[in-house]
Amino acid sequence: MDIERTMLWAGLLSLLAIGLALFTAFQRMGVDTPLGGDDDLLVKKSRAFGNLVEHAPLMLIMMMLLENDGSEGLVHFLGFLFFGCRLAHAYGLIYMEGMGPSNLGRMVGALGSWGLMGLAALLCIF
């Protein structure tokens, strides 16, 4: 099984996850909240990390399966766009206010991620 392309995106998404986890940890230390808490920025940073680790594993599994099935070029297309969507979502969630169309980063990131996951799912099925 040759999955070098998926490995690249797994590594990049893992680095993003580590960065968001550290971002959350530093905020926890700053507000002296070891677990939970009601600090709005802490909740946003924690959700940006949590949302990434909820979505990335499934996408990476589908990318690996597609690459193994011979769709190598598609893996970079999916990986690049998915990574960008996850960055946009994290930025929108942490730094922008509001939900839906008023928060372009969060909206583009979420809808883009779901759309790419749906595309990957359909490609895996058909």
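This is a predicted model: local features need pLDDT of at least 70, side-chain atom pairs count only at pLDDT 80 or more; totals for chains, interfaces and linings use all residues.

**Salt bridges, pocket and surface**

Let me start with Arg5, which forms a salt bridge with Glu67; their closest N and O atoms are 3.3 Å apart.

How exposed or buried are the two partners? Arg5 has a relative accessibility of 26%, so it counts as partly exposed. Glu67, by contrast, counts as buried because its relative accessibility is 2%, and the cut-off for buried is under 20%.

A search of the whole structure finds 4 salt bridges. Among them are two that share Lys44. Asp40 forms one with Lys44, the closest N and O atoms being 3.6 Å apart. Both of these residues lie in helix H2, 4 residues apart, which is about one turn of the helix. Glu97 forms the other with Lys44, and here the closest N and O atoms are 3.1 Å apart. This second pair links distant parts of the chain: Glu97 sits in the loop between H3 and H4, while Lys44 is in helix H2, 53 residues apart.

With a relative accessible area of 14%, Lys44 is buried. Asp40 is partly exposed, at 49%, and Glu97 is exposed, at 58%.

The largest pocket holds about 210 Å³ of space. It is lined by 13 residues, and those closest to its centre are Asn51, His89, Arg106, Ala110 and Trp114. Helix H2 (40-68), helix H3 (72-95) and helix H4 (104-125) are the elements that each give two or more residues to this lining. Which of the elements gives the most to the lining of the largest pocket? That is H4, with 5 residues. By class, the lining comprises 6 nonpolar, 4 polar and 3 charged residues.

Finally, the surface. Leu15, Ile18, Leu22, Phe26 and Met29 form a nonpolar patch there, and together they have about 550 Å² of accessible area. Leu15, one member of this patch, is located in helix H1, which covers residues 4-31. Its relative accessibility is 58%, so Leu15 counts as exposed, the cut-off for that class being over 50%.

How values were computed: Residues are numbered from 1 along each chain as its sequence is written. Side-chain values use heavy atoms; hydrogens and water are left out. Patches are made of residues with over 30% relative accessible area and no salt bridge: like charges are joined within 9 Å, nonpolar side chains (Val, Leu, Ile, Met, Phe, Trp, Tyr) within 5 Å. Accessible areas come from the Shrake-Rupley method with a 1.4 Å probe; for residues, only the protein chains shown count as cover. A salt bridge is a side-chain nitrogen of Lys or Arg within 4 Å of a carboxyl oxygen of Asp or Glu. Buried means under 20% relative accessible area, exposed over 50%, partly exposed in between (1.4 Å probe, protein chains only). On a 1 Å grid over the protein atoms alone, a cavity is a set of points where a 1.4 Å probe fits but cannot get out, and a pocket is an open set with protein on both sides within 12 Å along at least five of seven lines; lining residues have an atom within 4 Å of a point. Grid points are joined across faces, edges and corners, and a volume is the space filled by probe spheres set on the points. Ala, Val, Leu, Ile, Met, Phe, Trp, Tyr, Cys and Pro count as nonpolar, Asp, Glu, Lys and Arg as charged, and the others, Gly among them, as polar.
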